[in-house]
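Subject: Handing over the structure

Hi,

Here is the structure I promised to pass on. Have a look at it first, then read my notes below.

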Amino acid sequence: MKTGYNNKITSLVQLFDRLPESERIIVDVLRQIISENLPNYCKEKLAFNVPYFYGHKGICIVWPASIPRGGFKKGVLLGLWQGNRLKDEDNYLTHGTNKKVFYKIYNDAEEIDEIAIVKLLKEAVEIDRQGR
């Protein structure tokens, strides 16, 4: 892991180079799940120095704790931009202080529930398609 967090991250290689191994693994697994389950019109870019997935609007963000301004100290956050509009029938997401973005923080890759994430992504994509 290299220092210099104040520098803008311009590639996934730079991002992964700055993360501790535990965060790197979680980010990699989450990115794979998201990429495999979003439709082709959705894209990924680095925003706020972290992976950001969007369609017509923001869909989700993957924020490792070691990248500043995430607001938490440990793990990797999966944030759903339209979390406040999701049904989230399984109560999988945490409703923090942000009125719009609901999230789940993972401290280990074993905690990742792919079925729950895919269900939420499908719902988020439907909201994105409707332009709500």
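Let's start with a term that comes up a lot: a residue is buried when its relative accessible area is under 20%, exposed when that area is over 50%, and partly exposed in between (1.4 Å probe, protein chains only).

Next, the ground rules. This is a predicted model, so local features need pLDDT of at least 70 and side-chain atom pairs count only at pLDDT 80 or more, while totals for chains, interfaces and linings use all residues. Residues are numbered from 1 along each chain as its sequence is written, and side-chain values use heavy atoms, with hydrogens and water left out.

On confidence: pLDDT is the predictor's confidence in each residue, on a scale from 0 to 100. The chain averages 92, and 95% of the residues score at least 70. Treat residues 1–5 separately, as their pLDDT stays under 50. The model has 11 contacts for that stretch beyond four places in sequence, where contact means heavy atoms within 4.5 Å.

**The core**

A nonpolar core here is a set of buried Ala, Val, Leu, Ile, Met, Phe, Trp, Tyr and Cys residues joined through side-chain atoms within 4.5 Å. In soluble globular proteins, nonpolar side chains tend to be buried together. The largest core in this model has 42 residues, and L30, L78 and I117 touch the most other members. Several helices and strands each supply at least two of its residues, including α1 (12–18), α2 (21–37), β4 (76–80) and α3 (114–130). The largest share, 8 residues, comes from α3. Those labels are DSSP runs numbered from the N terminus: helices are H or I with at least four residues, strands are E with at least two.

What does I117 touch, leaving aside neighbours within four places in sequence? Its contacts are L30, I33, L78, Y92, Y106 and I112, so two of the partners, L30 and L78, are also named above among the residues that touch the most other core members.

**The strands**

Two strands pair if DSSP finds at least two bridges between them. β3 then pairs with β4 in the antiparallel sense over 5 bridges.

E44 stands opposite F53 in β2, and F53 in turn stands opposite C60 in β3. Y52 faces I61 in β3, and V62 is opposite L78 in β4. As for cover, 4 of the 5 residues of β2 are buried, and 7 of the 7 in β3 are.

**Helix residues worth a click**

R31 is found in helix α2. Is R31 buried or exposed? It counts as buried, at 15% relative accessibility. Beyond its neighbours within four places in sequence, R31 is in contact with L12, F16, E44, P51 and F53. Two of those, E44 and F53, are the pair that stand opposite each other.

Q14 sits in helix α1 and counts as partly exposed, at 30%. Setting aside neighbours within four places in sequence, Q14 is in contact with K8 and I9. The C-alpha atoms of Q14 and N49 are separated by 9.6 Å, with the two residues 35 apart along the chain.

**Two loop residues with positive phi**

Most residues other than glycine have a negative phi. R69, in the loop between β3 and β4, has a positive phi of about 75° although it is not a glycine. D88, in the loop between β4 and β5, also has a positive phi, near 45°. R69 is exposed at 76% relative accessible area, whereas D88 is buried at 6%.

The largest pocket has a volume of about 340 Å³. Among its 14 lining residues, the closest to the centre are G70, L77, N98, V101 and Y103. β3 and β5 each supply at least two lining residues. A pocket is an open set of points on a 1 Å grid over the protein atoms alone where a 1.4 Å probe fits, with protein on both sides within 12 Å along at least five of seven lines; lining residues have an atom within 4 Å of a point. Volume is the space filled by probe spheres set on the points.
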